[in-house]
Amino acid sequence: MRLNASINMFALAAVILVGAILFLVAFNRIDMDMAGPLSTDNPVIADGVCITETNPVIDQMTIDIGSVRGDVARLVAAAEMVENRMKQSNLFAHGQHPSMQQGLADLADWVRHHLPVLFTTGELAQQVPPLLTDEAIRQALTRAGTDRIRTDGIEPASALATDPLGLHQIILARMSAMSPTPGTTIHRGRFLSADRRHLLILATPTGSGSDTTVARTLTGFFQDLDEELKQHIGNGITLTAAGAFRTTLDNQTIAKRDVRRAIWWTTVGIGMLLLATFSHPLAGLLALLPAMVGGVMAVFIFSLGHDSISIMVLGFGSVMISITIHHGIAYMHLVDNDSKNDIRHASRETRAIGLPAVLTAICAFGAMAVSGVAVFEQLGWVTAMGIGFSCLFVHTVFPRILTADQHGGVPTNRHFPRVLGRLFSAGWPGLALALLTAAVLALFIRPHLATDLKAMSSVSRETHAADELITRVWGDISSSVYLVSEANDLSALQTKNDRLLELLETEAHAGSIENALTPSLFWPGRRRSAENVAAWNQFWTAERFRMVSAAVNQESAALGFAEGAFDPFLTMITAASPHSTTISPSVQTLLGIHRDGNDGRWRQMTRITPREHFDSQRFYDRLSDISAVFDPAYLSQCIEKRLDDKLIEMLLIIAVGLIFLLALYLADIGLLLMAMLPPAFAFICSLGTLGMLGRPPNLTALMLLSVIILGAGVNNPLLMVRGYQRYQRFDHPYFSVVRTGLFMATSCTLMGVAVLWGAEHDLLKSAGQISFFGIGYCLVGTLLILPPLLKRRFENPPAGAEGIAWRYRNMTPCPRMFAYYTQQVDPLLSELATLVPKKTDTANILDVGCGYGVSACWMAEYYPSATIHGIDPQPERLRVAALTLGDRGRIVRGAAPDLPTMDVLLNLATMLDMSHFLQDWELEKTLERVHERLLPGGRLIMRSLLPRSTRPLLTRQLAHVALRIGGRQACYRSQTAISNTLDKSGFEILTCLTSGNRTDMIWHVARPR
């Protein structure tokens, strides 16, 4: 069996070639970031974005060097090797630990020489006096005489003379705030775990960890380094690197694999399904073409205005292809099953049934653009454009690829439509089953009102194990809160840090945070320096100074130190300590200070470790005026709140847009409510099924479910309702094609999302599950709920139903509104009742330019035994007229003056509001042919528009627009001109009068002479 159309192979090849080129261009801009940037209109989110962009918090890497036997010497050797290789690779920015080791030494030297400006009143009162007793001084000088003083493994930069009593260690103890976990010590400039089995190295890559190229380079570097460690250090030493780069690479690897599998299997599965159900294999393959072209065009157009496209969009692309396949399937089903009509008829029927579904899908997915999450915004735009381009392709390019090739054959593949007809015929038992199912599943609804942002990414088992090791040994560093202070110069930054330190000390005293490490602890600003110096001077009274100096001199002499060996220390006690703002670069790095190379501003990053009773919002409110705050937990809460607001906003937009479009295309409250029953059924059943499976949807899932059901799932009931509106009965052959296309398209969509169900990436897998349930339940609701309700509405009118209103009650909005206008506003029918003959034996009536058949229906009821013959050039109007007249009329397509061939003579002919569409010769020829068909004594009734109107009327303007669209020009005539034409055509005018209160419309009643 061959296809009912010929294929323009050149056009088809051109489409495939152009589509392949556009896809390759767009494919180069794929972004592996699954979450994407967030809206920064919230100050908390703005702070978080600012900190992650200007400071490498997110990209910071944690490198653990482990030893099975706890050999610290081998750990140090391995760490030195790792640091050397990192420095040689040029892959890492400042922050490597050789600079930390030098920074600690420089810091210790600074502290020894500036003790008076560093001690607070509390420290002087509580921690210094125990070091000033005679016994303590003796022990300190004795240790100094036998060994050089070390500060936790760091060689002091100056001699013992600067601080023989070790007062500086009280200040350096503040460095414990740098320790990731309790018990951590600093060993030779590196963090050593409490069990002495792990060394920690912190580093920042020169490139962004979210850059897949950087992530792949770093992964290869650490893999090679691990092998090198085993060769040079030996077994028992492990290297574990954790950071954003691993998550990025895992996302890329997993997502690419899922996307490749999804697109491949979806395309193959849909192709096989189409081949199995179309009577011609080529028709099934061509039905897939519009969706694929629409998807490629959407991705390409989107890439023109954006730097990158999220891999999530391509992953969901398989779903997008299956969603946009409705139009192509319906079009090819009509071509493949209709040998009587041309290609334009298939396009017209597809557009009439499917356009509302296309617009609702575009509206729903377009609303995702306000979601506040870049990946969903991209998905919304690309899917909406894909659906639009697919529809546009069907009605513009497809007619160029397919050309009419009618051969009168009948397709042989009729089994599937018959089986599908039985599925749609479950009747009232099916409706009861659907309601019972919804009631049972509603008991399992357990919505989870939190957004898990971590679900935006998936990691491998190796990455998960690395993160667990880092957390077990060093704590959850990612849960720290970061503060960033900035100023134009270092002095101003120190002043700001003084205020910051006061607030942090208050928070630490309240027990909400651990003691934080800030530069003001070692380089206080002017005010804090003055306060500390005043406390120092008050502490060192003359009596205390005398006692300490005497003890130092006495013990030093006894231990053999040179006379005056500790004079620098004794002089520092009484001498004024000048304020200094100079911080060596190594110490700046150690304390998180750096100068931005772009704007030249100084910035200070401070890490805060929250305690159990930490109040994120209160902390942010207190600190946000001084520093930008990056609190991952609070940021997540704000993002969740933002998504919650955006979800409500998006749902309102979708709901309002959907109701507006349904009201526009259905114009019937009853049908609108029917169309919304399957989506409501799908919402309840989807949420209940997810709850029953132990996967209650979060806000992100609810957003996706809403868009899927209202954007894609609602297509099923909408196509059913529109199909019934258009064809009026279930067994109409075209309605069978619509149902088959509907079921096929939804099956293809389900196949696409089912492939995603097996994805490794959590987000893609969740999207597949939610989409499958949402669309699947919409189809089930359409199969079980709508058929009995629609059949009762359309095919079983109540007893006594009659009149024009009932004939048009179930029609599409345009003819129904026209019928209402003609009955309630236009005086046409009431005046026509006074002009038509009062004979009851009228048998045949011709209505030239019958339009939607309103006047023909009126005459059919006025003359119960008459047959109405209608003619009109517009196929859509003829279709409506034929449906409304039923067996009371014969409606044919034609344009005056070419009247249909008739084997009977007419009792009555009407030409209502159509003479201005005809040129003079056309009107004259039409009247002559009507004259030939009228019985002696028959009547011709005309209502004509005159050239001028006393006031502008909407109907007249609409008529002008319709003419211009059709490429024609109105030909208005005066009353005299019309009378002369009637006279010339052999008619005798019986009546001539105006219509209603309009002076631009005239009635003529005539009979053959």
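A residue is called buried when its relative accessible area is under 20%, exposed when it is over 50%, and partly exposed in between. Keep these cut-offs at hand during the tour. The structure in the viewer is a predicted model.

Stop 1: Select Arg603 and Glu486. Their side chains form a salt bridge, with 2.9 Å between the closest N and O atoms. The pair links distant parts of the chain, since Arg603 belongs to strand 12 (residues 602–608) and Glu486 to strand 10 (residues 481–487), 117 residues apart. Is Glu486 buried, partly exposed or exposed? Glu486 has 27% relative accessibility, so it counts as partly exposed. Arg603, at 5%, is buried. In general, side chains of opposite charge can pair when their charged atoms come close.

Stop 2: Select helix 20 (residues 490–510), which holds both Arg499 and Glu502. These two are 3 residues apart, about one turn of the helix. Their side chains meet in a salt bridge of 3.5 Å, N to O. Arg499 is partly exposed at 41%, and Glu502 is partly exposed at 25%.

**Stop 3: a loop and a strand.** Select Asp913 and Arg943, whose side chains meet in a salt bridge of 2.6 Å, N to O. Asp913 sits in the loop between strand 17 (906–912) and helix 38 (920–933), while Arg943 is in strand 18 (residues 934–945), so the bridge ties together parts 30 residues apart in sequence. Asp913 is partly exposed at 22%, whereas Arg943 is buried at 0%. The whole structure has 25 salt bridges.

**Stop 4: the cores.** Select Leu274, Ile325, Ile329, Met332, Phe398, Ile401 and Leu790, the residues with the most contacts inside the largest nonpolar core, which has 101 residues. Helix 30 (residues 733–757) gives the largest share of this core, 11 residues. Apart from this core lies another of 56 residues, among them Leu172, Leu501, Leu570 and Met572. In soluble globular proteins, nonpolar side chains tend to be buried together. Then centre on Leu790: leaving aside neighbours within four places in sequence, its contacts are Leu671, Met674, Met720, Val721, Tyr724 and Glu795.

Stop 5: Select Leu436, Val440, Leu443, Phe444 and Met692, which make a nonpolar surface patch of about 490 Å². Val440 is in helix 18 (residues 427–442) and is partly exposed, with 41% relative accessibility.

Key
Residues numbered from 1 in each chain as written. Predicted model: local features only at pLDDT ≥ 70, side-chain atom pairs only at ≥ 80, totals over all residues. Heavy atoms only, no water. Patch = residues over 30% accessible without salt bridge, like charges linked within 9 Å, V, L, I, M, F, W, Y side chains within 5 Å. Areas by Shrake-Rupley, 256 points an atom, 1.4 Å probe, with all protein chains shown as cover. Salt bridge = Lys/Arg side-chain N within 4 Å of Asp/Glu carboxyl O. Helix = DSSP H or I, 4+ residues; strand = E, 2+ residues; numbered from the N terminus. Buried < 20%, exposed > 50% of the residue type's maximum accessible area, 1.4 Å probe, protein only. Core = buried A, V, L, I, M, F, W, Y, C linked by side-chain atoms within 4.5 Å. Contact = heavy atoms within 4.5 Å.
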